[in-house]
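Biologist: I would like to learn how to read salt bridges in a model. Could you walk me through them, please?

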Amino acid sequence: SYWQTGRPYIDGFQVSILRDPQTMVTQLEAGALDAVYAPPLGDTVRLKQNPNLQALVNPQLGQFFYVNQNVTLPLFQDKVVRQAMNYMLNRQRISQTVLQSLCGDPISLPWPQQSPAFEPAKNATYSFDPDRAAALLKRAGVTGGSLEIAYNTGGYGQEFASMAQIYQAD
């Protein structure tokens, strides 16, 4: 008794909320689920190769990952130190290795390329340049020390851990 003739096209629609992403992927592969949203990135790469499945990847979703610095700490109150941290972040490496090139091109602006606020020239401001970062830290008088990287362990927890390890190594 739907108000439009010939519709709806399906008799039902059930949404399951699964807390464990591996359970979700396993159920998809076993045929217990018809579709999933946002499986772990590593699984997405593998699932894309399965001829029985179709992966729809939208690189313009506006998905972004960012690094915040606690500017209440004396170290990050210095703009030069914050700039150095931006030059130390290898966005390309993270995009290719951790995100498996599934999230579009890496950018350094807080909005996606399709946004009217996106300016290509400003996006090129912070390219990966560890020598420049070192020079900026030296200019700021930073000669050593350590800092703590904290990240969310839910959702993209494994990806966040890998990103933090790359940031630390670089």
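Modeller: Let us start with helices: helices (H or I, at least four residues) and strands (E, at least two) are DSSP runs, numbered from the N terminus. This is a predicted model, where local features need pLDDT of at least 70, side-chain atom pairs count only at pLDDT 80 or more, and totals for chains, interfaces and linings use all residues. Residues are numbered from 1 along each chain as its sequence is written, and side-chain values use heavy atoms, with hydrogens and water left out.

Biologist: What is a salt bridge, by the rule used here?

Modeller: A salt bridge is a side-chain nitrogen of Lys or Arg within 4 Å of a carboxyl oxygen of Asp or Glu. That rule gives four salt bridges here. In one of them, Arg 46 meets Glu 29 at 2.4 Å, N to O. This pair links distant parts of the chain, 17 residues apart: Arg 46 is in helix H2 (residues 41-48) and Glu 29 in helix H1 (residues 21-30).

Biologist: Which residue of helix H2 lies three residues from Arg 46?

Modeller: That is Asp 43, about one turn of the helix away. Arg 46 forms a salt bridge with Asp 43 too, with the closest N and O atoms 3.1 Å apart.

Biologist: Is Asp 43 buried or exposed?

Modeller: Buried means under 20% relative accessible area, exposed over 50%, and partly exposed in between (1.4 Å probe, protein chains only). Asp 43 has 10% relative accessibility, so Asp 43 counts as buried. Arg 46, at 37%, is partly exposed.

Biologist: How far apart are the closest N and O atoms of Lys 122 and Glu 119?

Modeller: They are 3.6 Å apart, in another salt bridge.
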